[in-house]
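Take a moment to look over the chain below. Then follow it from its sheet to its surface.

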Amino acid sequence: SPNYLNKTSLPLCVSGELESESLAFSKPCTLWASPANAGALELATEIATAVAGLTISTTDDRPASVTHMLLYLNEESFVS
């Protein structure tokens, strides 16, 4: 269309898509990223940045207050 001839990009949005809405848990949540799970802390940090109300725990043992556990599988998970 001639209206868009000089545009290099368009701000397209699909109604209801996740990126157009804020993500949040209905209650405060604590995500455990075990130090023994290589890469889990980096992923947990990325998730916490995107989701309101999420805190991260990185203790060696799973704390009783944890509501979710992150299991991050990658190439380092299967090294023998």
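Is Ser22 buried or exposed? Ser22 counts as exposed, because its relative accessibility is 75%. The cut-offs are these: buried means under 20% relative accessible area, exposed means over 50%, and partly exposed lies in between, with a 1.4 Å probe and protein chains only. Ser22 sits in the segment before strand 1. Helices (H or I, at least four residues) and strands (E, at least two) are DSSP runs, numbered from the N terminus.

A word on the source. This is a predicted model, in which local features need pLDDT of at least 70, side-chain atom pairs count only at pLDDT 80 or more, and totals for chains, interfaces and linings use all residues. Residues are numbered from 1 along each chain as its sequence is written, and side-chain values use heavy atoms, with hydrogens and water left out.

How confident is the predictor? pLDDT is its confidence in each residue, from 0 to 100. The chain has a mean pLDDT of 86. In the chain, 92% of the residues reach 70 or more. Confidence is lowest in strand 1 (residues 23–32), with a mean of 89. It is highest in strand 3 (residues 68–69), at 94. Where pLDDT is low, the predicted coordinates should not be read in detail.

Two strands pair if DSSP finds at least two bridges between them. Strands of a sheet pair through backbone hydrogen bonds, either parallel or antiparallel.

Look at each pairing in turn. Strand 1 and strand 2 (residues 51–57) run parallel, joined by 6 bridges. The chain gets from strand 1 to strand 2 through helix 1 (residues 40–50), and this β-α-β crossover is right-handed. Right-handed means that, with the strands pointing away from the viewer, the path from the first strand over the helix to the second runs clockwise. Across this pairing, Cys29 stands opposite Leu54 in strand 2. Thr30 stands opposite Thr55 in strand 2. On to the other pairing: strand 1 and strand 3 are parallel too, over 2 bridges. Here Trp32 stands opposite Met69 in strand 3.

Which residues can you use to trace distances? Start with Ala52, in strand 2. Ala52 is partly exposed, because its relative accessible area is 44%. Ala52 and Ser22 are 30 residues apart along the chain, and their C-alpha atoms are separated by 7.9 Å. Ser22 and Leu12 are 10 residues apart along the chain, with 17 Å between their C-alpha atoms. Next comes Thr67, in the loop between strand 2 and strand 3. Thr67 counts as partly exposed, because its relative accessibility is 44%.

Finish at the surface. Met69, Leu71, Leu73 and Phe78 make a nonpolar surface patch of about 490 Å². Phe78 is found in the segment after strand 3. Phe78 is exposed, because its relative accessible area is 64%. Patches are made of residues with over 30% relative accessible area and no salt bridge; like charges are joined within 9 Å, and nonpolar side chains (Val, Leu, Ile, Met, Phe, Trp, Tyr) within 5 Å. A salt bridge is a side-chain nitrogen of Lys or Arg within 4 Å of a carboxyl oxygen of Asp or Glu. Accessible areas come from the Shrake-Rupley method with a 1.4 Å probe, and for residues only the protein chains shown count as cover.

Methods:
pLDDT is the predictor's confidence in each residue, from 0 to 100.
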